[in-house]
Amino acid sequence: PEIPASGCPANRTWVRGTREALSCLATGNPEPTVVCGRHGVAVATGEPQPVTRERAGTYVCNATNALGTRSRRVTVRVEYGPAGVTVRALPSANVTRGSGFTVDCGAEALPAPTYTWALPPAPNLRLAPDNRSVTVTGATTANRGVYTCTASNRHGRRAGSVVVRVDESWLVVLVALGALGAVTALGLAVAGGYYLKTTACKKGEYNVRDAEGSSEAACLHRHRDNRGDIFGIQLTQP
């Protein structure tokens, strides 16, 4: 028997969802019987069958007659459109304002898919060279929203999305702390003014003769010696 390449191509490409037959034409006299199998198990030949990803692999086809056997290896490649699209925000989809994050996209497909994105309009986005991921630095409210990735090849396309939230609770806390600080400072200023008004020594105009009986004059400075109480007062200019 002979198995010519024209009747039994060594490499075949099928598309998932179509119907294909794994068949080989052989020549010989008497006419040979052809059986193809994989891992020692014969498969149906001649009749088209639905193409699934499981049908991909290498087969051995044997042509046999009374005079011998001839074998040929056949490799089947099964192509398919994108499936299992995953879109993930790392380290989390809940982002703290000012931090960085990355959104990754992946899909199973043959041939390998290309990736396109629909993104929130923000200036701090950077796409990876292969377009499989988007990196954000210094997240702001402009970065929150839906990140949609579409994986495509010649057999189809499929999309996946993730919602990113930018948490500003820490900013609210800072604003609250700032407000509390302002209130505290105002309170201290009022208290200080009250203290100065009520307890600090006052300067004013005093009559020297009345100084001895003046509590305000005594508040300026007062000390006692063998001559009695001595007050320091501020005199008006003549």
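Predicted model: local features only at pLDDT ≥ 70, side-chain atom pairs only at ≥ 80, totals over all residues.

Residues are numbered from 1 along each chain as its sequence is written, and side-chain values use heavy atoms, with hydrogens and water left out.

The protein has two helices and 16 strands, taken as DSSP runs (helices H or I, at least four residues; strands E, at least two) and numbered from the N terminus. Of its 238 residues, 29% are buried, where buried means under 20% relative accessible area with a 1.4 Å probe, protein chains only.

The largest nonpolar core has 17 residues, and those touching the most other members are V87, F101, V103, C105, W117, Y147 and V164; such a core is a set of buried Ala, Val, Leu, Ile, Met, Phe, Trp, Tyr and Cys residues joined through side-chain atoms within 4.5 Å. At least two residues of this core come from each of β7 (68–90), β9 (101–110), β10 (114–118), β12 (133–136), β13 (145–153) and β14 (156–167). Apart from this core lies another, of 13 residues, among them W14, L22, C24 and C61.

The structure holds one aromatic pair, formed edge-to-face by F101 and Y147, at 6.1 Å centre to centre and 80 degrees between the planes; rings of Phe, Tyr and Trp (its six-membered ring) pair if their centres lie within 6.5 Å, and planes over 60 degrees apart count as edge-to-face. Because F101 lies in strand β9 and Y147 in strand β13, the pair ties together parts that are 46 residues apart in sequence.

Methods
Buried < 20%, exposed > 50% of the residue type's maximum accessible area, 1.4 Å probe, protein only. Phe/Tyr/Trp six-rings, centres within 6.5 Å; stacked < 30°, edge-to-face > 60°.
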